[in-house]
Amino acid sequence: MTKIDQIETWILDIPTIRGHVLSMTTMREQSVVLVRVRFSDGSIGLGEGTSIGGMSYGAESAESIKSAIDCYIGPALIGHDGDNINGAIALAEKVVRGNPIARCAVETALWDGLARRLDVPLSQLFGGAVREAMPCAWTLASGNSETDIAEALEMIETRRHNIFKLKIGKRPVRADIEHVGKIKQALGDRASIRVDVNQAWSIHDARWGLKGLQEIGVDLVEQPIRAGLTTALRGLTTGYEIAVMADEALQGPEDAMSVAAERSADVFAVKIAQSGGLKRGSEVVAIAQAAGIELYAGTMLEAGIGTAAALQLFATVDQLAWGSELFGPLLLTDQIQAEPITYADFSVHVPQGPGIAVTLDLDKVEFYRRDRNRSLHSIAGE
Ligand SMILES: [Mg+2]
C-alpha cells in the first residue's frame, strides 16, 4: 500500500500584472496555498488552494486554507492509503465541514500523485481527455473603459483571447451598462462579451441590468445577484434571452442539484475549488449535463498548479459550450511552475504528461514564500 506520509503547505504571495477591480475588492496580489503530498514510495503530488480577493469573495482565505490543511485535513490523512482517493475524500469531508478550497487543494495532490505513479495524465483517471485545448476567456477588470478596450484589442491582435469577461457591479447599474456598451461597440463581433457581477446587484438592479446588457448584445451575465437567491435568479433566467450563469451559487453538487432542479441558470461556471475538489467538480458537471445546463470551466484565479489540475478535469468534458476562463497564471507577474502553460490561438492548451503535467520552479516558490526567511532549503531539500 502506498501511504500518505506527509502533507506540506506554503503560502505564496505573487503580484498581479495590474489592479484587478472586482465588485467587492481590488486585487494587487494573489495569495496561493501550495500543497505537496509525499507518499511512502517516494512519489509526490502537488495541489493548490487559492481564492479570489481574500475573504471578500468567500469564506476561505489563504491563511484559513493553510490552517485547515495543517491542523485538520493533514493529520487525518497521514497514514491513509494514497491510492484510495474516494476514501481520503470521505475522511476529509468528515473531519472538515465546508472549506472546499482546502479540501480541493489536498485532493488535487492525491490525484496528481496517483496519476504520476501510474504514469498517466490525471485526465485518464476521469475517463480520458477528449480535447487538448479549450477556448479561454480573459477578464477585463482594470476599472477603466479605455484601458480595457486597449487590452482587449491587443489580445485579439495577438490571438490570445477573443472572449472577454467584464467585471462589473462596483458602480451604479447605468454606469456599468455605459462601460460595457463602450467596450462592446469598440470590439463589435470580433469578440464574445460577457459580464460578471459577483452577486453585487439587488434583484431590481438586476432587472434593469439584464435588460440593458441584452440590448447592447452581451452574450452572458454571471451571478448577477446574491448566491442564495436561486428563485430570483430563475426569474432573471426565464425573463430575458441573455444567458444567465451561476457561479457563487454553486458550492458543490448539492447546490448544483437545487439550481438545476429549479432551472435557475442556463450555464454553470464549474470551479474545482468551489465544488470541493476534482471529484465533486465532476459531479457538478454531471448534474449540469443531465439537466441540459451548459458548461463553463471557471477559475479562482489559481496559479499554474491549480490551473493545470482544472485543465486535466475539463479536458474530459465533451460539451464545454462556453469554454473556459483558466487564465489565472497570466494575471500574475510570474509563474511558479517550471513549464509555462501555453495560451495561443484563443485557447489554453492542456499540458501533456503524467499527473497534472506541470512541476514547480522551486526558486520561484522560494522567492514568493510568505515565510521565506525561514530555512531556504526546506522546499527543495530532500
Ligand atoms: Mg464569477
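A residue is called buried here if 20 or more other C-beta atoms lie within 10 Å of its own. The legends below use that word in this sense, and they describe a predicted model.

**Figure 1. Helix H11 is a buried helix.** Helix H11 covers residues 304-314. Its buried residues are Gly304, Ile305, Gly306, Thr307, Ala308, Ala309, Ala310, Leu311, Gln312, Leu313 and Phe314. Eleven of the eleven residues of H11 are therefore buried, and the helix is largely enclosed by the rest of the structure.

Figure 2. Along the principal axes, the C-alpha atoms fill a box of roughly 60 × 40 × 35 Å. Of the 382 residues, 52% are buried. Among contacts with a separation of 6 or more, 72% are between residues 24 or more positions apart.

**Figure 3. Helix H3 is largely enclosed by the rest of the structure.** H3 runs from residue 100 to residue 118 and has 19 residues. From its first C-alpha to its last it reaches 26 Å, which is close to the 27 Å expected at 1.5 Å a residue. Because 17 of its 19 residues are buried, H3 is described as largely enclosed. Just after H3 comes Asp119, with a positive phi of about 60°. Most residues other than glycine have a negative phi.

**Figure 4. The largest nonpolar core has 120 residues.** Val35, Ala105, Val106 and Phe268 have the most contacts inside this core. Helix H3 gives the core its largest share, ten residues. At least three residues of the core come from each of domain 1 (4-119 + 360-368) and domain 2 (125-349). In soluble globular proteins, nonpolar side chains tend to be buried together.

**Figure 5. Val35 touches residues from several parts of the sequence.** Leaving out residues up to four places away in sequence, Val35 touches Ile7, Thr9, Leu46, Gly47, Glu48, Gly49, Ile69, Ala105, Val106 and Ala109. Ala105 and Val106 are listed with Val35 among the residues with the most contacts inside the largest nonpolar core.

**Figure 6. Three strands form an open sheet in the order S4-S13-S12.** The pairing in this sheet is antiparallel. Strand S4 (133-135) and S12 stand at the edges, each with a single partner strand, so one side of each has no neighbour in the sheet. S4 is joined to S13 by three bridges. The bridge partner of Ala133 in S13 is His349. Strands of a sheet pair through backbone hydrogen bonds.

**Figure 7. The loop between S12 and S13 holds Asp345 and Phe346.** This loop lies between strand S12 (343-344) and strand S13 (347-349). Asp345 has a phi near 50°, a positive value in a residue other than glycine. For Phe346, phi is also positive, near 65°. Asp345 is 209 residues from Cys136 in sequence, and the two are 9.5 Å apart in space, C-alpha to C-alpha.

Methods. Residues numbered from 1 in each chain as written. Predicted model: local features only at pLDDT ≥ 70, side-chain atom pairs only at ≥ 80, totals over all residues. Helix = DSSP H or I, 4+ residues; strand = E, 2+ residues; numbered from the N terminus. Expected span 1.5 Å × (residues − 1). Buried ≥ 20, exposed ≤ 12 C-beta atoms within 10 Å, placed from the backbone. Pairing = 2+ DSSP bridges. Contact = placed C-beta atoms within 7 Å. Core = buried A, V, L, I, M, F, W, Y, C linked by C-beta atoms within 7 Å. Domains from an automatic or database assignment.
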